[in-house]
Amino acid sequence: MTVAFFSGKSRRIGVALGAVSAGLLVLSACDKPTPLATVTVGGNSVNTEAACYNDGKAIKTSDIKSCLNKKAEKSVEVSMDDKVRFGVDPEIADHGWTLFINGQQAEQEPYKKTYRSIPGSAFFSSQTGETSNETQVSIVETNGKNLTGIWHFQLKKSS
């Protein structure tokens, strides 16, 4: 003789609670997306999430060099006459951000607005006067002396 341990209603409640628990477990494993940075040249626009980001906290000093040396996944063509427009999410601008060119800091003071425009010619000549056909530009979020996020873009020189 078999005995039903749970009624139909109890089984349905148990299944529903199990599904809710599984759903919460899956959601807790998801990472929150990082803020976006965007580069626009003429009508072409590319955006990316951070290559390195620690949810607004400082990136470990030991990780900064490797983060700055990561290869950009997004690229855009730029002529010497173009304006290159950089845009960041407001939370990046609140902390401040600077540009790094080929892994080297290009400016001393952090910028605190969400948008800026720089001539394309600024990205394709080195300090020695040599020109290049590609330049990696990194947007680096700062919080005081700490780096808190790094976004990479490859600028390709067009004729």
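The model is predicted: local features need pLDDT of at least 70, side-chain atom pairs count only at pLDDT 80 or more, and totals for chains, interfaces and linings use all residues. Residues are numbered from 1 along each chain as its sequence is written, and side-chain values use heavy atoms, with hydrogens and water left out.

**Overall fold**
- The protein chain has 3 helices and 10 strands; these are DSSP runs, helices being H or I of at least four residues and strands E of at least two, numbered from the N terminus.
- Along the sequence, the order is α-β-β-β-α-β-β-α-β-β-β-β-β.
- Of the 159 residues, 34% are buried. Buried means under 20% relative accessible area, exposed over 50%, and partly exposed in between (1.4 Å probe, protein chains only).
- Contact means heavy atoms within 4.5 Å. Among contacts in the protein chain with a separation of 6 or more, 65% join residues 24 or more positions apart.

**Nonpolar cores**
- A nonpolar core is a set of buried Ala, Val, Leu, Ile, Met, Phe, Trp, Tyr and Cys residues joined through side-chain atoms within 4.5 Å.
- The largest such core has 22 residues; V39, F86, W97, F123, I139 and L155 touch the most other members.
- At least two residues of this core come from each of β1 (37-41), β4, β5 (83-88), α3 (90-95), β6 (97-101), β9 (134-143) and β10 (146-157).
- Another core, of 9 residues, lies apart from it and includes I59, F100, V140 and I150.
- Beyond its neighbours within four places in sequence, L155 contacts V39, V76, V78, F123, F124, N133, E134, T135 and V137.

**Strand β6**
- In β6, 4 of 5 residues are buried.
- Two strands pair if DSSP finds at least two bridges between them. β6 pairs with β9 in the antiparallel sense over 5 bridges, and L99 stands opposite I139 in β9.
- β6 also runs antiparallel to β7 (residues 104-105), joined by 2 bridges. Here I101 stands opposite Q104.
- The two strands β6 and β7 form a hairpin with 2 residues between them, and N102 in the turn has a positive phi of about 50 degrees.

**Residue K70**
- K70 sits in the loop between α2 (61-68) and β4 (75-78).
- K70 has a relative accessible area of 37%, so it counts as partly exposed.
- Not counting residues up to four places away in sequence, K70 touches A51, C52, Q136 and H152.
- The K70 side chain reaches the backbone oxygen of A51 at 3.1 Å.
- K70 and Q136 are 66 residues apart along the chain, with their C-alpha atoms separated by 9.7 Å.

Conventions. Polar contact = N/O pair within 3.5 Å; in protein donor to acceptor, adjacent residues only side chain to side chain.
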